Amino acid sequence: MADEDLQLENLAGVGPITKTRLEEKGIYTVLDLAYIGASEVAEAANLDLSKAIEMCNNARKKLVDLGILENDFVSADQLYKKRLEIDRISTGSSNLDDLLGGGIETGALTEFYGEFGSGKTQICHCLCVMAQFPKEQGGLNASSIYVDTENTFRPERLAGVAEIRGLDPDVALRRVTVAKAYNSAHQELIVRELGRVIKEKSARLVIIDSAVAHYRAEFLGRATLADRQQRINRFMHHLLRMSEVYECAVVMTNQVQSAPDVIFGDPTRPVGGHVLGHTSTYRIYLRKASKNRIAKMVDSPSHPERETVFVMNERGVDDPGEDSPVTQ
Ligand code: GTP
Ligand code: MG
């Protein structure tokens, strides 16, 4: 794929003024146009919605022609072959990888949710290390982008995990790009710019830890609920489309809130509720159990709903050893 194929000025309907306006809003290439929704493009470039829809459709068509996106109608066996070739990143724990059908999938959005200390941030750190290994060792020989919204990214933890797993920690740190998001608007801006950075760094993994904390803190009370859900919804769809267009694995974390209406079973629910549930391709619920952590595949188009056990140690995320008996 030649880079000029993806330049905005080579797309029908994009003149120099529109191009400048789009770039000002972080839309630099045809890839970005294809993953940012038409209504947002209309807003960004001050265009009629119908014109923006046409532009986004042109972008999509171009990506289909270039073989980056699927045709609208495609046979199931073609899809099946394509699914067998999907690249995956190991989490560091073979139990967790098995639960995920072989690791975190590229071209998909994977959500880990659970209470504090359940291991969400540790999984994110470990994935950034694992992504750097060659394919035969569970990685994609790739760099990662880490969007840190809770100020919990720790380079020393990353370096420690890299070293014990046999990577040069200095090299490993250079292959992870970190963006700190200070509020929800900033977080949205960062995600808009992600496309450019993914290309620049040849990243195959994007982490958003956590996706909803800012929204939760900023939108208080019932009156703001609809607005909050709409913003989260838009944000999540960005992530999902981005994972497809850039063929990278997008991993996001989410907290849980208690659901007072639940009498039987676990009274916790992920923040954001249904909006998030329907957007993530895979959802994994994490909970603490003595020294171990239990991961449950909650929502998946292809995996059975089941549980597995993993631990956190100096290797980041790992399988339980003899010194950490499986408890539940
Ligand atoms: P919140 O962000 O607070 O919602 O929690 P989280 O799910 O992101 O928790 P996180 O992944 O930060 O897990 C924290 C837990 O990981 C700690 O309670 C420790 O048990 C474990 N942990 C963190 N760092 C280390 C480490 O260096 N070594 C070991 N052995 N365990 C660690
Ligand atoms: Mg965390």
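Ile145 stands opposite Val206 of strand β6 in this predicted model. Strands (DSSP E runs of at least two residues) and helices (H or I runs of at least four) are numbered from the N terminus. Two strands pair if DSSP finds at least two bridges between them. Strand β6 has a parallel partner in β4 and another in β7, as the table shows.

| Strand pair | Sense | Bridges | Opposite residues |
|---|---|---|---|
| β4 (residues 143–148) and β6 | parallel | six | Ile145 and Val206 |
| β6 and β7 (residues 249–254) | parallel | four | Leu205 and Ala249 |

Seven of the seven residues of β6 (residues 203–209) are buried, so this strand is largely enclosed by the rest of the structure. Buried means under 20% relative accessible area, with a 1.4 Å probe and protein chains only.

The search of the whole structure finds four aromatic pairs. Rings of Phe, Tyr and Trp (its six-membered ring) pair if their centres lie within 6.5 Å; planes under 30 degrees apart count as stacked, over 60 as edge-to-face and the rest as tilted. The ring centres of Tyr215 and Phe235 are 6.1 Å apart and the planes stand at 55°, so this pair is tilted. Tyr215 lies in helix α11 (residues 213–218) and Phe235 in helix α12 (residues 225–245), 20 residues apart. Tyr215 is buried, with a relative accessible area of 1%, and Phe235 is buried at 2%. Together with Phe219, they form one aromatic cluster.

Residues are numbered from 1 along each chain as written, and chains are lettered from A and ligands numbered from 1 in written order. Local features need pLDDT of at least 70, side-chain atom pairs count only at pLDDT 80 or more, and totals for chains, interfaces and linings use all residues, while side-chain values use heavy atoms, without hydrogens and water.

How values were computed:
Buried means under 20% relative accessible area, exposed over 50%, partly exposed in between (1.4 Å probe, protein chains only).
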